[in-house]
Amino acid sequence: MIYAARSVTGKRANNEDSVYVPKYGEISLAVVADGMGGHSAGNVASAMAVETVAAELKKGGAGSPSTLVKSAVNRANTAVYDYARAHSECRGMGTTLVLALVFKTRFVAANVGDSRLYHYHAGKLTQITADHSYVAELLASGYITKEEALRHPRRNLITRALGTRASEKADVFECAWEENDILLLCSDGLYSELEDKALLEMIEKYKNIEDACDALVRLALDAGSTDNVSAVLVKNGEVW
């Protein structure tokens with residue numbers, strides 16, 4: 001597998017996003033988390049969630065990949081929640097999380113919150129995860145259009161987050177993928193100002209996913225994103 005990752009502060013004072021891609025020989029895993037909670041707490045929450053998920057999945061264990069992913073996300077939720085309860089300056093902190101545990105012919109994904117996973121295959125970009133947000137619920141119910149969702153004043157209000165309560169439900173997906181397919185994991189700072197068509201164009205424009213990752217982040221910033229911007233690309237192929 002080939003990985004590329006970028007996370008930039010953008011127009012915010014601090015970067016509260018955290019990302020994970022493996023070093024050579026490590027588990028084939030990618031993670032993006034977008035923390036919240038003010039001051040340094042958001043950064044603490046996202047970093048703790050990413051570190052816990054990666055550590056748990058590196059251990060392996062009995063059960064299917066989906067079962068192991070669910071368990072790892074549960075452990076991450078507990079870690080963030082317990083830390084916030086023990087440290088008054090971090091009370092109320094939490095984080096979104098999206099991950100992909102990848103294999104040669106399939107991947108297992110999970111998300112909590114509004115960080116997203118997209119799958120690029122045969123010239124088409126498909127959003128795999130569903131946002132856990134107020135606007136996503138309005139959109140699913142037919143109260144607003146997709147175009148209205150992009151500019152809704154409450155589009156940043158999420159309905160699920162890791163660490164804000166003792167237990168939290170993650171959505172888990174298992175999907176097939178093929179050689180040269182690409183996964184995009186990102187925080188809302190990347191996609192909030194962009195249509196899916198723009199994401200697709202950047203992925204198709206660059207052969208090297210390092211260049212594609214840089215281009216995606218630049219595009220979001222140029223489009224007016226005021227948030228931290230994080231993106232991870234995973235290509236199903238061998239490192240050249």
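Which residues of the largest nonpolar core touch the most other members? In this predicted model, they are Leu29, Val31, Val69, Val73, Leu97 and Leu99, out of a core of 28 residues. At least two residues of this core come from each of strand 3 (29–36), helix 1 (41–59), helix 2 (65–86), strand 5 (97–102) and strand 6 (106–112). The greatest contribution is that of helix 1, which provides eight residues. A further core, of 26 residues, lies apart from the largest one and includes Leu184, Leu190, Tyr191 and Ala198.

The surroundings of Leu99 were examined individually. When residues up to four places away in sequence are not counted, Leu99 touches Leu29, Ala30, Val31, Val53, Val69 and Val73, and also Val108, Ala109, Ala110 and Leu185.

An open sheet is formed by five strands in the order 1-11-10-7-8, with antiparallel pairing. Strand 1 (2–8) and strand 8 (124–127) are the edge strands, each pairing on one side only. From one strand to the next, the twist averages 15°. Strand 7 (residues 116–121) and strand 8 run antiparallel and are joined by four bridges; the bridge partner of His121 in strand 8 is Lys124.

Two helices lie across strands of this sheet. Helix 6 (residues 196–205) lies across strand 7, strand 8 and strand 10 (182–186), and runs at about 55° to strand 7. Helix 7 (residues 209–222) lies across strand 1, strand 10 and strand 11 (229–235), at about 25° to strand 1.

Technical notes
Residues numbered from 1 in each chain as written. Predicted model: local features only at pLDDT ≥ 70, side-chain atom pairs only at ≥ 80, totals over all residues. Heavy atoms only, no water. Pairing = 2+ DSSP bridges. Axes fitted to C-alpha atoms, helices over the stretch in contact; angles between N-to-C directions. Contact = heavy atoms within 4.5 Å. Core = buried A, V, L, I, M, F, W, Y, C linked by side-chain atoms within 4.5 Å. Buried < 20%, exposed > 50% of the residue type's maximum accessible area, 1.4 Å probe, protein only.
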